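Biologist: I have some questions about how the terms are applied here. Please set each value against its definition.

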Amino acid sequence: MTSESNNVVKKSGNPMQSGTAKALLQKYGIILVLLFLIIVITLVQPKFLSPTNLFNVMTQSSIYGIMALGMTLVITSKGIDLSVGSMLAFSGVIMASFAQASTAASLYYPGISDLPAIVPVLVALAVGMLLGAINGGLIAFTGIPAFIATLGMYTIARGAALIYTGGKPVSNFTEGVLFFGSKIGVIPIPVIVYVIMITITWVLLGYTSFGKNVYAIGGNIKAAEISGVNVKKNLVFIYSFCGLCAAVAAIVFAGRVGSVHPGAAVGYELTAIAATTIGGTSHYGGIGTIWGAVIGALVLGVLRNGMTLIGIDAYWQQIVEGCIIIVAVIFDMRKNAKKK
Amino acid sequence: MKRFLVILLAAVLIFGTAACGGNGNADSGSETGGDDQITIGYACKNLNDTFQTYLVDSAKEYAEANNINLDVSDAQNDVVRQQDQVNTFISQGVDALIVLPIDTSAASPMTQAAKDAGIPLVYMNTNPYPDGNFPEGTYYVGSIEKQAGEMQAEYIGQLLNGEGNACILQGQLVHEGAVQRSEGVVDKLKELYPNVKVLAQQPGDWQKDMGMTITENWITAYGDIDAIFANNDEMALGAVNALQEAGMTDTLVIGIDGTTGALQAIKEGTLAGSVFQDAEGQAKGAMEIAEKAAKGETVDDQIKWVPFILITPDTVDSFINQ
């Protein structure tokens with residue numbers, strides 16, 4: 001069995017004795033929140049349930065949803081990554097500069113011909129992983145807190161993106177890159193990329209020794225070390241994967257928006273952390289699931305989409321979102337406290 | 001010892017990056033400049049904003065052409081940080097200050113500090129004294145934000161023959177410019193085209209991706225939208241993306257700024273128009289006043305208005321060549 005399912009079993013206790021309804025509520029509470037939101041929004045605005053709008057919600061959630069996958073690994077290992085928004089911007093602008101059509105007005109590399117989409121994509125992934133590895137390396141080998149290391153990267157990567165572009169957006173992409181924002185039939189490519197990333201992360205966390213190490217490090221780092229887990233190496237991997245997710249989000253962003261601004265995705269790190277937290281990943285470490293991160297991202301996506309559809313005032317939208325995050329965590333802490 | 005090292009490292013990391021961010025693109029203040037070379041401190045709002053970089057670029061051009069030493073600071077939209085940066089400029093002994101105030105209601109401490117040090121202060125782009133009563137020794141160069149929204153409403157209202165449904169994509173609501181531009185649209189529509197209904201207003205925080213997301217949701221909610229007024233070009237281009245994907249190419253979208261991407265979209269016919277905010281006119285106007293005041297020459301007017309100009313498919317070529 002995986003550590004993931006072990007945790008779930010522990011959380012729900014013995015459902016037969018403690019009341020099945022209560023156990024189900026604890027385990028699937030966040031899904032009930034999601035269903036509740038969907039029902040309320042649909043009652044006010046039935047157009048919410050149209051297939052186009054449902055795909056819109058998933059597309060709109062995909063960018064921070066993908067970031068939340070990497071964030072789940074990080075937070076499960078009792079860390080935090082504040083730099084994902086900046087990493088998106090930096091890997092995004094570097095990628096964009098290799099994705100410009102040769103006919104475009106502003107070229108970063110004059111004389112370069114149209115590159116096949118695989119080149120900018122690989123460049124983005126490499127840059128994201130490299131930045132993530134630097135985060136992980138700083139945390140593992142200098143011992144500085146994850147909060148500080150990634151706070152540094154938060155400003156460094158943003159500054160680097162501004163220097164690289166001179167503060168101006170990079171646009172005019174080749175068809176190959178715009179593909180990542182298009183559709184196959186009715187299914188948007190960002191949703192397909194999101195599903196692929198969910199599957200990869202789910203397998204990684206649930207069915208590999210790396211995944212077991214993530215839980216072990218988050219649960220008790222000393223115990224993990226004693227039992228032979230190479231903590232340093234695994235930390236570098238965890239943060240590299242988080243950087244990789246930010247880069248994948250950057251690819252989707254570039255395809256969808258058609259340009260990358262060095263100031264893009266400011267504050268997305270907080271949305272990714274919120275999605276992860278709403279999904280039940282504990283900031284005390286050792287507890288976290290991928291399906292939770294997906295539901296968390298969808299809760300935020302449904303909330304933002306639905307509030308615009310209903311026409312709720314913009315100021316109130318922020319307040320509602322904040323309340324949902326706090327309530328989710330209160331609920332989660334009670335659940336985990338009972339476990340002990 | 002280890003803890004000390006950690007703190008030291010963290011401090012170096014944070015202050016190191018802050019310093020980079022602050023002086024990133026600027027020529028660092030060379031104190032060795034000749035005696036007759038004047039130094040101007042330029043306190044920017046936030047270099048994440050494309051239009052702000054246009055302003056800085058124009059100011060730098062002017063400085064190079066006129067042998068002025070220009071120090072640029074970036075407050076990253078933090079009011080307190082901007083005040084600190086202005087005070088640093090003052091203690092450095094700059095000859096004049098140009099400030100783009102982040103919070104228009106928090107300008108008086110900066111005005112006072114400059115006045116106490118006897119340094120002329122030129123406010124630019126965002127007006128901290130909307131009543132026009134600028135204290136002695138302070139100047140203002142900018143445009144009337146509301147005018148931009150009014151121009152949008154006049155032009156689009158005419159194209160719609162005074163009938164239709166519209167939505168407004170706003171900038172960050174903490175920016176007075178965003179509020180005034182939107183007000184300009186709403187007021188002018190009421191006055192001239194009362195049958196153009198404003199269905200919704202929502203902030204897209206100046207960002208293209210948010211403009212796109214909000215427009216997608218509006219399309220779902222309202223279906224039929226005849227026009228979208230955006231407070232800047234980036235959000236307008238995001239709206240264009242969303243409309244094209246939904247096959248709604250008849251919806252008229254108009255932005256503000258006149259960025260390269262927007263001009264191209266107007267030429268291609270996907271964007272109905274934009275309103276040109278004259279970055280060069282603002283930045284060079286402010287530099288001129290700052291230079292004069294620093295040299296002790298008399299400045300004729302305390303306030304210099306730089307007009308907005310409407311960009312349409314007919315006039316777009318003259319802007320592309322600029």
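Biologist: How does the lining of the second largest pocket divide by class?

Modeller: That lining has 12 nonpolar, 18 polar and 7 charged residues. Ala, Val, Leu, Ile, Met, Phe, Trp, Tyr, Cys and Pro count as nonpolar; Asp, Glu, Lys and Arg count as charged; the others, Gly among them, are polar. Two ground rules: this is a predicted model, where local features need pLDDT of at least 70, side-chain atom pairs count only at pLDDT 80 or more, and totals for chains, interfaces and linings use all residues. Residues are numbered from 1 along each chain as its sequence is written, chains are lettered from A and ligands numbered from 1 in the order in which they are written, and side-chain values use heavy atoms, leaving out hydrogens and water.

Biologist: What makes a set of points a pocket?

Modeller: On a 1 Å grid over the protein atoms alone, a pocket is an open set with protein on both sides within 12 Å along at least five of seven lines; a lining residue has an atom within 4 Å of a point. Here 37 residues line the second largest pocket, with A:Ser171, A:Asn172, A:Gly258, A:Ser259 and B:Lys208 nearest its centre. Elements giving two or more residues are helix H8 (175-178) and helix H12 (231-257) of chain A, plus H2, helix H8 (233-245) and helix H9 (260-268) of chain B. The largest share, 6 residues, comes from H8(B). The volume is about 1,000 Å³, meaning the space filled by probe spheres set on the points, which are joined across faces, edges and corners.

Biologist: Why is B:Thr53 called buried?

Modeller: Buried means under 20% relative accessible area, exposed over 50%, partly exposed in between (1.4 Å probe, protein chains only). B:Thr53 has 5%, so it is buried. B:Thr53 lies in helix H2 (residues 50-65) of chain B. Leaving out residues up to four places away in sequence, B:Thr53 touches A:Gly166, A:Gly167, A:Lys168 and B:Leu47. Contact means heavy atoms within 4.5 Å.

Biologist: Why does B:Trp206 count as buried?

Modeller: Its relative accessible area is 15%, so B:Trp206 counts as buried. B:Trp206 sits in the loop between strand S7 (196-203) and helix H7 (208-222) of chain B. Beyond four places in sequence, its contacts include B:Gln170, B:His175, B:Arg181 and B:Met235. The C-alpha atoms of B:Trp206 and B:Asp49 are separated by 8.3 Å, yet the two are 157 residues apart along the chain.

Biologist: What makes B:Ala166 buried, and which strand holds it?

Modeller: A relative accessible area of 0% makes B:Ala166 buried. B:Ala166 belongs to strand S6 (residues 164-170) of chain B. Strands (E, at least two residues) and helices (H or I, at least four) are DSSP runs, numbered from the N terminus. Chain B comes to 11 helices and 12 strands, and 55% of its 322 residues count as buried.

Biologist: What does helix H9 (residues 189-207) of chain A reach?

Modeller: Its 19 residues reach 26 Å from first C-alpha to last, close to the 27 Å expected. Buried residues of H9(A) include A:Ile189, A:Tyr194, A:Met197 and A:Leu205.

Conventions: On a 1 Å grid over the protein atoms alone, a cavity is a set of points where a 1.4 Å probe fits but cannot get out, and a pocket is an open set with protein on both sides within 12 Å along at least five of seven lines; lining residues have an atom within 4 Å of a point. The expected span of a helix is 1.5 Å times one less than its number of residues.
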